[in-house]
Structures are given as C-alpha cells and as structure tokens.
Amino acid sequence: MHHIVITGGHGGLGQALHQAFRDTGDQVRALGHAELDVTDPASVAALLEKAPAPDLLVCNAGFTDDRLLARLDAASFSRQVDVNLHGAFRCARAVVKGMIKRRSGHLVFISSRSALHPPAGQAAYASAKAALIGFSHSLARELGPWNIRSNVILPGFLETPMTAALPPDRRQEILDQHCLSRFNTPAEAARFLVYLQHHLPHTSGQVFQLDSRIHPIS
Ligand SMILES: NC(=O)c1ccc[n+]([C@@H]2O[C@H](COP(=O)([O-])OP(=O)(O)OC[C@H]3O[C@@H](n4cnc5c(N)ncnc54)[C@H](OP(=O)(O)O)[C@@H]3O)[C@@H](O)[C@H]2O)c1
C-alpha cells in the first residue's frame, strides 16, 4: 500500500486519480482547492510539510485563462504561472526532505500537450506547463541518487470542468487532431499513473503523452 497525495484533488482528473489509487488499495489524500491552496505557502506548509512525506505526490492542481496576448494582463499571466508552476514547486519542495530522509519517493507533474504544441491564446498556461518539464527533468537528475523519481504526464484533452466551456467547433477541431478520433478519459489517465507508480519503479525523468495526437496543432 502506497501513500498518495493529489493536489487539485476534487477536479475531474483529481477525482479519477483518487478513485484509481483507492481501488488499488492505496491510502489517498486527494486535497481539494478549499483544503490546500497551492498558491498559499502557509496552506502548503500546513498540509504537506508538516505531514509525513507521501510515496507519490501528484501535482495536479491547474488553472487556465486563455487569452490572446493583447488581452493577457499581468495578473492573469501571474495567476496561471502561480498555480501551474509555482504551485508545483511549493508542493514538491514541501515533501522532498521527507522523501530524501526515507530514500524513496515519486513526484508526478501534470503538464499538458500545450507545453510542446501550444495553441494560440495559451501563452501563459503553455509557459507554465512547459517549465514543469524542465523542472521535473532537473529534479529527476538531482533526486535520482536518493531513489526519488520525477515524471511528467501530458494527459490529453479531458472532458472535465476545465474544458467544459470550450465552444463546440473548437472541441471538434481538437478531436480531429486525434488519430483515433476519440479523447482520452480521466479514468484512463489515472490508470496509467497507477501503473507508473506500482509497476515501473525504474522509470524517471520522462514525459508521457497519453492521447493519440501526433502533429503540432495547425
Ligand atoms: N482537461 C484537460 O483537457 C487537460 C489537458 C491537459 C492537462 N490538464 C491538466 O490536468 C490537471 C487537472 O485538470 P482537470 O482537467 O481535472 O481540470 P479541473 O477539473 O478544473 O481540475 C483542476 C483542479 O485544480 C484546482 N485548483 C485550481 N487552482 C488551485 C489552487 N490554487 N490550489 C489548489 N487547487 C487548485 C481546481 O479547483 P477549483 O476549481 O476549486 O479552483 C480544480 O479542482 C490540471 O493541471 C490541468 O492543467 C488538463
């Protein structure tokens, strides 16, 4: 039985992760936004730093506010970077000492395909999600000697509250980019994470894209 902590644990993917790890027999803390605000250092300290380090921390909390650059004000840019990147930094830093002491642990960062192939209007979100990849790669090198893994997931387009307001024509455009003409689901993405945690102990420093898109968005 592993001890799993999930940030943004009440969102679409967060709930699927909670269910999948619980079904595997793991002990799961899926922390909702109201309980853990990843932008608030005091909240992160209280919920993560003062608790025993988990076997797996999934930095899943995310926020997007799509705008073209001319309409992207500094507050929106900062907010997106704060939640998606700084939030992951705060949470990873809060658990790492315990993992080092125990000489084991796993950090998983939920990034996005937008990190590699960003569409127009996602400059802030894509920047933050792309930075997570560099962050994770560096941690994989730094923490490997302590048997701590770090991996990134690009879960694919998921039908969750985050994407609920997307106009139907944009949704169709995204669907058309999929070789299999279907979206991934939160449950499938969650099953992959369970597999990565329990059956791929020698895998670190990797980026996993879970959908069927190949080419950059046109
Ligand atoms: N859906 C997709 O197509 C897609 C694609 C690629 C990557 N992702 C990534 O997958 C992850 C999960 O997203 P999702 O699709 O499950 O969307 P979601 O349902 O909106 O879940 C995101 C969760 O993060 C929480 N959150 C936002 N700001 C937070 C903060 N400051 N502190 C703690 N929690 C915070 C949200 O809580 P509130 O709603 O209460 O603010 C929400 O529950 C995100 O990192 C997202 O960027 C999603």
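Trainee: Why is Phe 192 called partly exposed?

Mentor: This is a predicted model, and in it Phe 192 has a relative accessible area of 22%. Buried means under 20% and exposed means over 50%, so with 22% Phe 192 is partly exposed.

Trainee: And what makes Phe 208 buried?

Mentor: Its relative accessible area is 19%. The cut-off for buried is under 20%, so Phe 208 counts as buried.

Trainee: Why is the pair of Phe 192 and Phe 208 called tilted?

Mentor: Their ring centres are 5.1 Å apart, and their planes meet at 55°. Centres within 6.5 Å make a pair, while stacked needs under 30 degrees and edge-to-face over 60.

Trainee: How many aromatic pairs turn up in the whole structure?

Mentor: Three. One of them joins Phe 109 and Phe 135.

Trainee: What makes Phe 109 and Phe 135 edge-to-face?

Mentor: The planes are at 70° and the centres 5.4 Å apart. Since over 60 degrees counts as edge-to-face, that's the label for this pair. Phe 109 belongs to strand S4 and Phe 135 to helix H4 (residues 123-143), so here the parts tied together are 26 residues apart in sequence.

Trainee: Which of the words buried, partly exposed or exposed goes with Phe 109, and which with Phe 135?

Mentor: Phe 109 is buried, at 0% relative accessible area. Phe 135 comes out at 21%, so partly exposed.

Trainee: Over to helix H1. How do you know that its buried residues line one face?

Mentor: Those residues are Leu 13, Gly 14, Ala 16, Leu 17, Ala 20 and Phe 21. Looking down the axis of H1, they fall within an arc of 165°, so they line one face of the helix.

Trainee: What covers them?

Mentor: The cover includes strands S1 (3-7), S2 (27-31), S3 (56-59) and S4 (105-110), plus helix H6 (186-199).

Trainee: What span is expected for H1, and how far does the helix reach?

Mentor: H1 has twelve residues, and at 1.5 Å a residue the expected span is 16 Å. From first C-alpha to last, H1 reaches 17 Å, which is close to that.

Trainee: Last one: why does Gln 172 count as partly exposed?

Mentor: Gln 172, in helix H5 (residues 168-176), has 38% relative accessibility.

Definitions and conventions. Residues numbered from 1 in each chain as written. Predicted model: local features only at pLDDT ≥ 70, side-chain atom pairs only at ≥ 80, totals over all residues. Heavy atoms only, no water. Helix = DSSP H or I, 4+ residues; strand = E, 2+ residues; numbered from the N terminus. Expected span 1.5 Å × (residues − 1). Buried < 20%, exposed > 50% of the residue type's maximum accessible area, 1.4 Å probe, protein only. Arc of directions from axis to C-beta. Contact = heavy atoms within 4.5 Å. Phe/Tyr/Trp six-rings, centres within 6.5 Å; stacked < 30°, edge-to-face > 60°.
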